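Me: I am new to reading protein models, and I would like to go through one slowly with you. Could you show me how to read its features, giving the general idea before each case?

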Amino acid sequence: MKKILNKIVCSILIVSVFLFSCPPVSFAASSGKKKIKITDGKEAEEAYYRQDYGTAVSIFDSLRENKDKNYALWNNQLGSIYLAKGDCREATDAFLKAHYLMNDIAAFKELESGAVSLIGAEAQKAYKGDPYEKVFNSLYVALLLYAEGDLDNALAACKNGILCDSDVQADMYQSDVTALYLLASRINLMLGNNTASTEYYNKALEAYCLTWPTNRPLVGEEQGWLSYFKEKQEELKKLDAPEKKSKAKIKKIETLNVEIGKIESDIKALQDQRQNNDAKIDPSALKDFLDLKNNTLLILELGRGPLKYQIGQYGQYALFTNKPCRVKRVEIMVDGNRLSDNKMFMDSDVYFQARTRGGREMDSILKGKAQFKQTTADMAMGFMDASRSIINTANQQAAANPYSDNSGALMLGAGMAVIGLVAAVASAAANPTADVRHWSLMPSEILILPANLSTGQHSVQINCYGFDDQIIPSLSSTMDIDIINDNNNTVFKRLI
Amino acid sequence: MNIRKWALPIIVIACFSLTGCVGSSGNYFLRKNQERLELKEGYGAMLLTFHASGVKTFTPYTLTVQEINQYKDFSKKPLKPITVQKLKTSGDIYLLNTTLPEGTYLINNIGGGLMYGTRFYIPSAKVCDITSGKVAYAGRLEALFGNQKFVYGQGHTYDTSLTVTDLYNEDIPLFKTEYPILQNERIDMDLLY
């Protein structure tokens, strides 16, 4: 008996020592140094926002040494840190490493097959970024290669970004990242390809109008109606088959025709509204890009980029949010003189791109619209809503009171979900946790100001104004820049 | 060494450690008549005010938070109810405060009591940032209760919506009056979003 008791006590002690004393060994980076784990990424982010770039670099650099499935993520994070440090050479290197991997379909293929199986988690696959991350990686690569005078490769990066941006559902959402088109237009002009330059400029103008703040909600709505219109047309096509039609069928066709007519007029109204808005947009900020006398691109990175997180009982939904930027406008003084009108290209809103790329916001709009317009009672949706609501409540109860019995509610919720879940999101049911890896050190806004500066040293003062039109001292700063040539200088400044 | 003598206490301690019962701590930050602010290393504090309209007597008790951290596995980011110190002022405004380790948190719901003591959870999707060593104002949370409705399996409930407003100049004096310890304290602004 005594021996058994001794064995039990010893076993418990050994288990306790293992559980509570040993640091986790997974994801340990290079030997000899402090063991860096993937969870240290958060510490690196915090260090970055404290502007302790040394700590941030050392953590992400150690993680990068693993050359694991997150290699592109670590490189993107490092690229942002190096850029904030003012080390463009290292930034180019990091962004390029990420760029190659993010656009390499074959890379980490063996992990992809695991992730799409029923038992694999989404985060099991290699990080290659959402479409918006590919777009901004391409923009950074293009800007940095442009600064190095490698115009051909910079142009290739622009084209790649435009392609990634077009990788979404409907025609209207072909690339709308104006900065990529503008840069491509400028580079073509520098290379003497005037026709291509004009083409890119026209696309830039189109994208600029499409993403203008007053047009954004209209575009989203228009997109939704267009998709719904397509759906209804398909429905009509099926009913309109040449065989003999029953009375009920004829009535249904009539109803559909009326509905389609109404949708068309709704789309037309939105398009008219958009055209009215377009007429009020001043494109002069874009024209400055094509003025080659403007030998310098001042690039300001403002605020914190989109934050991607999981919600739901199993973390099955991935959502984006962002911390609103405190800056309403920016004023730039060079050697004490205010830059002419400060016409700044101000619509590279990363959060908007994140929500509208990768089918997140658009998906919900499309589905929402379809449900909204359905005249018949949609039981599936009703059940889904009720189920979600019950599960949420049960979750909340469990969270607030771990001893409350909510298993009944959860079962009921789950049961209703099964009834309601016709074919939607079937993948989430088997292995639900959504992948929320994202390039979190991105800014929320990228502002680009083309300027004509003489070669030599200049003092640049950046004044950021808040919504109360007062200067925000913590975000305003002065820096010295060195203009080295007559055509392709770039200056990056991160304002956190 | 008499192993039998030590066996029971060791087993008890080990069991407590394994079930996570050891080490749970409160999230209180401000107390009446407190002499100094105590902020644990690596922790920050959040001050916010709460007001409900539509239903007159909703009393907030807890905020259920969940860490947002892409580097951590979802299973290691459980929903965590935190008790918020509350103080009702005139105009049914509640002063809430809490302390958390540095990080970003999703406020999943606000738990509290409706009239006649009925428990109710207001769902939320607001996010807060906690910075180590800092006390920050997170805004005024305004909960709007819509009409009562019946949801199958839940019984009678309410549609609710939450908005956050920056009322720093109005709310911080309320905190400073109720908690004089804050008089000379720097209170940053880091609104929920």
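Reply: Let us begin with the idea of a contact: two residues are in contact if their C-beta atoms, placed from the backbone, lie within 7 Å. Please keep in mind that this is a predicted model.

Me: With that idea in hand, what share of the contacts in chain A with a separation of 6 or more comes from residues 24 or more positions apart?

Reply: Such pairs account for 69% of those contacts in chain A. The chain holds 18 helices and ten strands, and buried residues make up 38% of its 496 residues.

Me: How should I read a helix, and is H9(A) largely enclosed or left open?

Reply: One can check its length and then its surroundings. For the surroundings, a residue counts as buried if 20 or more other C-beta atoms lie within 10 Å of its own; eleven of the 13 residues of H9(A) are buried, so the helix is largely enclosed by the rest of the structure. Among them are Tyr181(A), Leu183(A) and Arg186(A). Just after H9(A), Gly192(A) takes a positive phi of about 85°.

Me: Which residues touch the most other members of the largest nonpolar core?

Reply: They are Ala142(A), Cys158(A) and Leu183(A), in a core of 86 residues. Helix H7 (residues 131-147) of chain A supplies the largest share of this core, twelve residues. Leaving aside residues up to four places away in sequence, Leu183(A) touches Ala142(A), Leu143(A), Tyr146(A) and Cys158(A). A second, separate core of 42 residues includes Leu47(B), Leu48(B), Val84(B) and Ala138(B).

Me: In what order do the four strands of the open sheet in chain A lie?

Reply: The order is E5-E4-E8-E9, with antiparallel pairing. Strands E5 (337-338) and E9 (477-483) of chain A stand at the edges with a single partner strand each, so one side of each has no neighbour in the sheet. Two bridges join E5(A) to strand E4 (residues 329-334) of chain A, and Met333(A) stands opposite Arg338(A) in E5(A).

Me: How do I read the predictor's confidence, and what does chain B average?

Reply: The scores come residue by residue and for the complex. Chain B averages a pLDDT of 82, and 83% of its residues score at least 70. Over residues 18-25 of chain B, however, the pLDDT is below 50, and this stretch has three contacts in the model beyond near neighbours in sequence. For the complex, the predictor gives an ipTM of 0.78 and a pTM of 0.76.

Conventions
Residues numbered from 1 in each chain as written. Chains lettered and ligands numbered in written order. Predicted model: local features only at pLDDT ≥ 70, side-chain atom pairs only at ≥ 80, totals over all residues. Pairing = 2+ DSSP bridges. Buried ≥ 20, exposed ≤ 12 C-beta atoms within 10 Å, placed from the backbone. Core = buried A, V, L, I, M, F, W, Y, C linked by C-beta atoms within 7 Å. pLDDT = per-residue confidence, 0-100.
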